[in-house]
Number of protein chains: 2
Amino acid sequence: MTDPNLHLVVMAGGSGTRFWPKSTSKRPKQFLSFGTAPDAPSLLQQTLSRFDGMVPESNRVVVTTRLLESAVESQVTRAVSILAEPQGRNTAPCVYWAARAVFEKDPKGVMLVMPSDHTIPRLADFQNTVTRAVAWAKSHDDLVTLGVSPTRPETGYGYLKTANGLTGVEGSGGFGVEAFVEKPDLARATEYIQTGNYLWNGGMFVWRADVILKAFDDFMPEMRREWEAAGRKVEVAYPRMTATSIDYGVMERARNVVTFTLDCGWDDLGSWTSLEALAEKLSARHEAGVVTGGQAISVESYGCIVDAPGKLVALLGVEDLIVVQQGDAILIAKKDRAQDIKLIVEKVKATRPELA
Amino acid sequence: MTDPNLHLVVMAGGSGTRFWPKSTSKRPKQFLSFGTAPDAPSLLQQTLSRFDGMVPESNRVVVTTRLLESAVESQVTRAVSILAEPQGRNTAPCVYWAARAVFEKDPKGVMLVMPSDHTIPRLADFQNTVTRAVAWAKSHDDLVTLGVSPTRPETGYGYLKTANGLTGVEGSGGFGVEAFVEKPDLARATEYIQTGNYLWNGGMFVWRADVILKAFDDFMPEMRREWEAAGRKVEVAYPRMTATSIDYGVMERARNVVTFTLDCGWDDLGSWTSLEALAEKLSARHEAGVVTGGQAISVESYGCIVDAPGKLVALLGVEDLIVVQQGDAILIAKKDRAQDIKLIVEKVKATRPELA
C-alpha cells in the first residue's frame with residue numbers, strides 16, 4: 001500500500017565527468033545503466049522504482065536542469081512530475097522549490113529527498129530504514145537524514161557524528177546528530193570508524209515539507225524572500241537564490257537533526273573503480289577484471305574495468321586499465337588515475353565539445 | 001615510358017594476424033592504409049603505383065586467394081589481371097602460375113615479383129635499383145633478388161650473404177649471392193651487420209619468365225608435371241602442388257642467384273610497433289606516441305600507438321600501449337606483446353569469428 005502523504009523528490013540535475021565517455025554533459029551518470037543486460041534500468045529509474053509500493057506515482061517529482069529535462073522525460077512515466085531548473089544552483093534551491101511544491105499540494109506531506117545516481121543493492125533493508133524514518137518525521141518536527149553505515153575509512157565522503165539514540169521508535173538505528181563533519185584525512189577517517197559513532201553522509205533526507213520550510217526561514221530567509229519577490233516565477237527567482245548545498249545552508253546549522261542508520265550496500269558510484277565492488281551483483285566479473293558493458297577477451301591481463309556496450313574488447317598483457325567506449329569516444333586510463341578523468345574531459349571540451 | 005616486356009606480379013594472398021583488428025581474415029594487411037589521410041592508398045595500391053611509368057597497366061597481375069579476390073577487385077583498375085588461387089599454398093605455386101601466365105603472353109618477358117604489403121618510402125631510389133636489376137635480368141640467365149640494405153641487427157628477417165660484385169652493369173650494388181641465411185639470433189645478426197656482406201631478404205625478385213621456369217624444372221620438377229597433368233586447370237593442379245616458399249623451393253638451391261642492393265627505407269610492416277619508425281612520414285607523431293588513424297588526446301601518457309579511424313581516443317596515465325579500434329573490435333595491448341596478437345586472434349576466432 002502506498003502512503004498518499006509521502007512525496008518522493010529525486011535530485012537529478014548533476015553533471016559529473018567521472019564516467020566520461022559513458023557519461024557526457026547531456027547524459028550524466030544518473031541516466032546510465034551499469035551492467036551487461038541491454039535493458040538494465042538507469043540509476044534514475046532504479047531510484048524511482050525503489051519506492052514502488054511506498055510512494056504513489058503521482059507523488060513523485062524529479063528536479064533537474066532544463067538541459068536534462070528531455071533526458072528525464074524519456075526515462076520516467078508520465079505520472080512523474082518534472083521540475084526543470086533554469087540552471088543548476090546546487091541543492092538548496094532545488095530542495096526549496098520542491099518543498100514549496102509538496103507543501104502546496106499536501107501541507108502535511110512528508111518528503112523523501114534522494115540523489116538519483118547512487119546504487120542500493122539491498123532494497124528490503126533500505127525500505128525498512130526509510131519506513132522508520134518516515135514514521136519519525138511524521139510525528140516529530142525533525143530533519144531526518146539517512147546515515148550510511150560505513151564499511152571502510154573512506155576519505156571521499158562527509159560524516160555524521162551521532163549523539164544519543166532516539167527513543168519512541170520501533171527498532172534501533174535512530175540517533176540524534178551532533179555534527180556534520182567534512183571529508184576527513186585517512187587517519188581521522190580510521191578513527192571515526194573505530195569509535196562507531198560516525199556514519200557516512202549520503203545526502204538522503206526525510207522530513208515534512210513544513211519542517212524544512214521552517215528551517216529555510218530560520219537559516220536561509222533570503223530563499224522565501226527571493227521566491228516571493230519573483231512572484232514565484234522560477235526563471236526570475238532562481239538566479240537570485242543562494243547557490244549552496246542543503247547541508248551547508250541548513251543541515252549543519254539546524255539543531256533538530258536526527259539520523260537513521262542505513263545498512264544496505266549503498267554506494268555513490270564515485271568513479272569507475274567503484275564498479276569493482278559491485279561486480280558480483282552485476283555479474284560482471286571477468287578473468288581480466290570487471291566488464292560492465294560489451295564483451296572482453298584477454299591474454300595475461302588483470303584488474304581491468306571494461307565498459308563498451310556492443311563491442312568486443314581484447315586485452316593483451318595489460319593491467320589495471322579502465323577501458324570505456326561510447327559512440328565516437330574511447331578512454332584508456334590507468335585505474336589509479338580515475339579521479340583525473342576530469343582533466344581529459346577538459347581537453348575534450350576544448351577540441352571535440354560534441355563528445356564531452 | 002613503360003617497357004612492354006616488363007610484367008609486374010604482385011603477391012597479395014597473405015593473411016596475417018599481426019594488425020588485428022585493423023586487419024581481419026577478409027581484409028588482411030595489404031588492403032589497409034596506414035596514415036591519417038582518409039583517402040590514403042592501401043599497401044596493395046601503393047605497390048602497384050610504385051611501377052607507374054615502368055610497367056604497362058595491362059602487364060600487371062595480382063595473385064591472391066579466392067577469399068580475397070573481390071577485395072582485390074575493389075582496389076585495382078580493370079586493366080590489372082587477377083589470378084585467384086583456389087587456396088593459399090605459399091609462394092612457390094603462386095610464382096609458378098604467374099610465370100607460366102607471363103611466359104605464354106610474352107616469352108621474353110621479365111617478371112618483377114613483389115609482396116603487396118610492404119612500404120617503400122624513397123620511391124626514386126627503389127625505381128633506380130629495379131631498373132638496374134631489370135637490365136641485368138634481360139641480358140643474363142640469372143635469378144635476381146633485391147637485397148635490402150640492413151639498418152639494424154634485425155632477428156626477424158632472413159639474410160642474403162653476398163659474394164663478389166657483379167661486373168658489366170652501370171652503378172654499384174650488384175653482387176652474386178653466396179647463401180640464403182635463416183633468421184639469425186641477435187649475436188649473429190650483429191655480426192652480419194658488421195661484416196657488411198649481408199643484406200635482408202625482402203622477397204622481391206626480378207627474372208625472365210623462361211629463367212624461373214627453367215629453375216622450377218631443375219629444382220621442383222613436380223610443378224610442371226602436376227600442372228600439365230591437371231590440364232592446366234588450377235582447381236585440379238593447386239592442391240597437388242608443393243606448398244612451399246619460392247625461397248626454399250628454388251632460390252636456396254639455385255647457383256645463378258644475384259642481388260642488387262636496395263636502399264630505399266623499405267619496411268615490411270611486421271607489426272604495430274613498426275609504425276613507430278614510419279611516424280614522421282605518416283605525419284602521425286603525437287605527444288602520447290603515434291596516431292595512425294583517428295584523433296588522440298592525452299594526459300601524462302607516452303609511447304603509445306593508436307589507430308582508430310573516426311574516433312577520439314583519450315589516454316590518461318598510460319604508457320607503451322597499442323590501441324586499435326575497427327568496427328566492433330577494440331584491442332588494447334602492451335607494446336612489447338605485439339607479436340602475441342595472434343593469441344588474441346585465436347580467441348576471437350573461437351568466440352566471435354565474424355570479427356577475426
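This is a predicted model: local features need pLDDT of at least 70, side-chain atom pairs count only at pLDDT 80 or more; totals for chains, interfaces and linings use all residues.
Reader: Let's start with one residue. Why is B:Thr119 called buried?

Author: The cut-off for buried is 20 or more other C-beta atoms within 10 Å. B:Thr119 has 20 C-beta neighbours inside 10 Å, so it counts as buried. You'll find B:Thr119 in the loop between strand S4 (110-115) and helix H4 (123-139) of chain B.

Reader: Which residues does B:Thr119 touch, leaving out those up to four places away in sequence?

Author: B:Thr119 touches B:Leu43, B:Asp267, B:Leu269 and B:Leu278. To place it against one more residue, B:Thr119 and B:Tyr157 are 38 residues apart in sequence and 15 Å apart in space, going C-alpha to C-alpha.

Reader: Which residues of H4(A) are buried, and what covers them?

Author: The buried ones include A:Phe126, A:Val130, A:Arg132 and A:Trp136. Among the elements covering the buried residues of H4(A) are strand S1 (6-11), strand S5 (143-148) and strand S9 (257-262) of chain A. S7 and S8 of chain A are part of that cover too.

Reader: What makes strands S6 and S7 of chain A a pair?

Author: Two strands pair if there are at least two bridges between them. S6 (residues 159-165) and S7 (residues 174-181) of chain A have five bridges, in the antiparallel sense, so by that cut-off they pair. One of the partners is A:Val181 in S7(A), which is bridged to A:Tyr159.

Reader: And what makes S6(A) a partner of strand S8 of chain A?

Author: Three bridges join S6(A) to S8 (residues 198-208), running antiparallel; at least two are needed, so this is a pair as well. Here A:Tyr159 stands opposite A:Trp200 in S8(A).

Reader: Where are the domains of chain A?

Author: The domain assignment gives domain 1 (6-262) and domain 2 (274-355). Their C-alpha centres lie 29 Å apart. The contact takes 10 residues from domain 1 of chain A and 19 from domain 2 of chain A. On the domain 1 side, four of those residues are nonpolar, four polar and two charged.

Reader: How many residues do the two chains bring to their contact?

Author: There are 32 residues of chain B in contact with 32 residues of chain A. On the chain B side, S12(B) gives the largest share, eight residues. By class, that side has 21 nonpolar, four polar and seven charged residues.

Reader: How do you know that a strand of chain A pairs with S12(B)?

Author: Five bridges join strand S14 (residues 329-334) of chain A to S12(B), and they run parallel. The cut-off is at least two bridges, so they pair. For instance, A:Ala333 has B:Leu316 as its bridge partner in S12(B).

Reader: Last one: why are the two copies said to be related as by a two-fold rotation axis?

Author: A rotation of 180° with 0.0 Å of shift along its axis superposes chain B on chain A, with an RMSD of 0.0 Å. The copies are therefore related as by a two-fold axis. The surface is the same for both copies, as 100% of the contact residues of chain B recur in chain A. In chain B, the residue closest to the rotation axis is B:Ile332, at 4.3 Å (C-alpha).

Note on methods:
Residues are numbered from 1 along each chain as its sequence is written. Chains are lettered from A and ligands numbered from 1 in the order in which they are written. Domain bounds come from an automatic or database domain assignment. Two residues are in contact if their C-beta atoms, placed from the backbone, lie within 7 Å. Ala, Val, Leu, Ile, Met, Phe, Trp, Tyr, Cys and Pro count as nonpolar, Asp, Glu, Lys and Arg as charged, and the others, Gly among them, as polar. Helices (H or I, at least four residues) and strands (E, at least two) are DSSP runs, numbered from the N terminus. A residue is buried if 20 or more other C-beta atoms lie within 10 Å of its own, exposed if 12 or fewer, and partly exposed in between; C-beta atoms are placed from the backbone. Copies are superposed by least squares on the C-alpha atoms of residues with pLDDT of at least 70 in both.
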